[in-house]
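Student: I am new to this one. Can you walk me through it, step by step?

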Amino acid sequence: MGSSSDPRLTGLKAFLQGHPEIQYATPTSSNYEALRKTYILDNPAVPLAIVRPQNAEDVAALVTYAKANGLRIAVRSGGNSLFGKSMVNDALIVDMRDIAYVKLNESKTLATVGGGIIMGDLANELTKQGLATAMGTIPFVGFVGWSTYGGYGPFSPQYGLGCDNIVGAKVVNFQAEVIEADEEMLRGIRGAGGAFGPIVEMTVKVYQLKNILGGLIIFDSTDILATARKVSAGYQALQAEGLPSPLYVQQFALTAPFGKIFALAFFWGSDDHEQGQAWLTKVAALGDVIMNTVTPNTLAGFLEVMKTAVPPNAYGSIETMSIRGMTPEAIEIIARNIQRMPSTAGTSFSMHELRGSSAVPKADSIFASREPHMMLEIITTVADKTDLREAQEWAQSFLSGLREMDPENILPGTYISVTAPGSNSFENIFGVNYKPLLEMKRKWDPEGIYALAPPEVE
Ligand SMILES: Cc1cc2nc3c(=O)[nH]c(=O)nc-3n(C[C@H](O)[C@H](O)[C@H](O)COP(=O)(O)OP(=O)(O)OC[C@H]3O[C@@H](n4cnc5c(N)ncnc54)[C@H](O)[C@@H]3O)c2cc1C
């Protein structure tokens, strides 16, 4: 498999000689390990080769070659798949990182980006122009991988999910042609990502926004059970009164150098900072604040702040569940499991909220969890591999606790990007959009050349 005598490699190398612009690595190359490295460190996959196309035509040429030679294709951008979807054993990895441009239209309402761009680079370019688009909070996450499978983040109440902002995409289809996705394919891309082929370019809506207000609020967590209960219940009360769309609050718990903390990321995505400061006062009053880093910032600057809350790479994964509401029962289960969370670097818990315009059914997207909910992430991406077992045991027991809550409060669907393969069905994840997705997959990937691309429906 992938050894220097593998005839598949001999053929591939001969093909790549005709495309000297495409950098590549095979298992015996000195740069192979560096290119193979992804966010999750313990992925044992040994890809056949990793290739770095420079443009859409290179990707098309690679797909033509892979198809003709029966090579399985996987696409990598930011490398943050939690389940090894972009670094697959024995596959040809199309590493998109060199296709990472940003172009704005004249009226600065749309940005066209290369398929391999990461969030931080896009945020930098948009910040320079006083613009923003829906994005997540961690700068090294790939923008296409994030947005096309859903894309939860701080702009979702205001701009919609990542996938809701996609207005165009260039895809290398199953015939290895670079095509402009039509409305029907875009509907599929808005939720099923790269299922129909590598996305070499994408166009998204952008919005005027100079400065945000954002940062971390850490609460006194000496009694973390009481703090988690109080802050979560207080936030629910605020929510019941109605929240403005620029406001996003991500509650989380992790182990800081000074101990286990319950905290939140505060985000105000509007230039009206007077109103933002008023909301900051309300949110900070939810608990006893020991640290508040919320400050006016650029979007790019905010992402850099958020990067400090996650390890740069890790061992392990994530468990998830989406719930309709933070009922007293849900708050109690969550608070108790935060109290039981191991104090190991990287073990954490986080809640993304979906509300507003992203939480209503949309005919032009197959992302299915379209109702207000909390997407819970039980995070076991630990810095030290020896901590993994303890973290995973905690995560499983947390999930068992959540499953005991009123079933009416549990969404059947989970967020595909954080759902471990096999732990939920695609019928649940895509709901009423599952059948249309199957039809799309049959139509646009009839030979299964993109069978490795999630969702791996047949
Ligand atoms: C630290 C961290 C923070 C995260 N934060 C959030 C968050 O705030 N909100 C949220 O919704 N999710 C979040 N996620 C999940 C993240 O959005 C997904 O894991 C996402 O798919 C990662 O994309 P990537 O390009 O970085 O990773 P990759 O591993 O490169 O790709 C992930 C998947 O997308 C596919 N893909 C990537 N680029 C393309 C392309 N151009 N064409 C076709 N297919 C492509 C890959 O084939 C693979 O299946 C986070 C994950 C991590 C590790």
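Tutor: Start with D445, in the segment after helix 14 (434-444). Helices here are DSSP runs of H or I with at least four residues, strands are runs of E with at least two, and both are numbered from the N terminus. This is a predicted model, where local features need pLDDT of at least 70 and side-chain atom pairs count only at pLDDT 80 or more, while totals for chains, interfaces and linings use all residues. Residues are numbered from 1 along each chain as its sequence is written, and side-chain values use heavy atoms, with hydrogens and water left out.

Student: Is D445 buried or exposed?

Tutor: Look at relative accessible area: buried means under 20%, exposed over 50%, and partly exposed in between, with a 1.4 Å probe and protein chains only. D445 has 5%, so it counts as buried.

Student: What does the side chain of D445 reach?

Tutor: A polar contact is a pair of N or O atoms within 3.5 Å; within protein, one must be able to donate a hydrogen and the other to accept it, and residues adjacent in sequence count only if both atoms are side-chain atoms. Here the side chain of D445 reaches the backbone nitrogen of Y450 at 3.0 Å.

Student: Which residues does D445 touch?

Tutor: Contact means heavy atoms within 4.5 Å. Leaving out residues up to four places away in sequence, D445 touches F174, A195, M440, Y450 and A451.

Student: Where does S365 lie?

Tutor: S365 sits in the loop between strand 18 (347-354) and strand 19 (373-380). Its relative accessibility is 1%, so S365 is buried. The side chain of S365 has a polar atom 2.9 Å from the backbone oxygen of R190. Beyond four places in sequence, the contacts of S365 are C163, D164, R187, R190, R370 and N433.

Student: How far apart in space are S365 and S348?

Tutor: Compare sequence with space. S365 and S348 are 17 residues apart in sequence, and their C-alpha atoms are 31 Å apart. Now take A60 in helix 3 (residues 56-68). A60 is buried, at 10% relative accessible area. Setting aside neighbours within four places in sequence, A60 is in contact with V172, A176 and V178.

Student: How do I read a nonpolar core?

Tutor: A nonpolar core is a set of buried Ala, Val, Leu, Ile, Met, Phe, Trp, Tyr and Cys residues joined through side-chain atoms within 4.5 Å. The largest one has 76 residues, and M135, F143 and M202 have the most contacts inside it. F143 touches several residues beyond four places in sequence, including V113, I117, L122, M135 and M202. A second, separate core has 45 residues, among them F219, L243, F262 and V294.

Student: How many residues surround the ligand?

Tutor: Count a residue as near if one of its heavy atoms lies within 4 Å. By that rule 29 residues surround the ligand, and the closest are V75, S77, S86, G142 and Y415. For classes, Ala, Val, Leu, Ile, Met, Phe, Trp, Tyr, Cys and Pro count as nonpolar, Asp, Glu, Lys and Arg as charged, and the others, Gly among them, as polar. The shell has 14 nonpolar, 13 polar and two charged residues.

Student: Which protein atoms pair with the ligand?

Tutor: An oxygen atom of the ligand is 2.8 Å from a polar backbone atom of G79. For S81, a polar backbone atom is also 2.8 Å from a ligand oxygen. A ligand nitrogen is 3.2 Å from an N or O atom in the side chain of W146. Strand 3 (73-76) and helix 5 (143-148) are the elements that give two or more residues to the shell. Helix 5 gives the most, with three residues.

Student: What should I check in the backbone?

Tutor: Most residues other than glycine have a negative phi, and most peptide bonds are trans. D90 has a positive phi of about 70°. D90 lies in the loop between strand 3 and strand 4 (92-95), and at 22% relative accessibility it is partly exposed. K108 also has a positive phi, near 55°. The peptide bond from P454 to P455 is cis, with omega near -5°. P455 is in the segment after helix 14.
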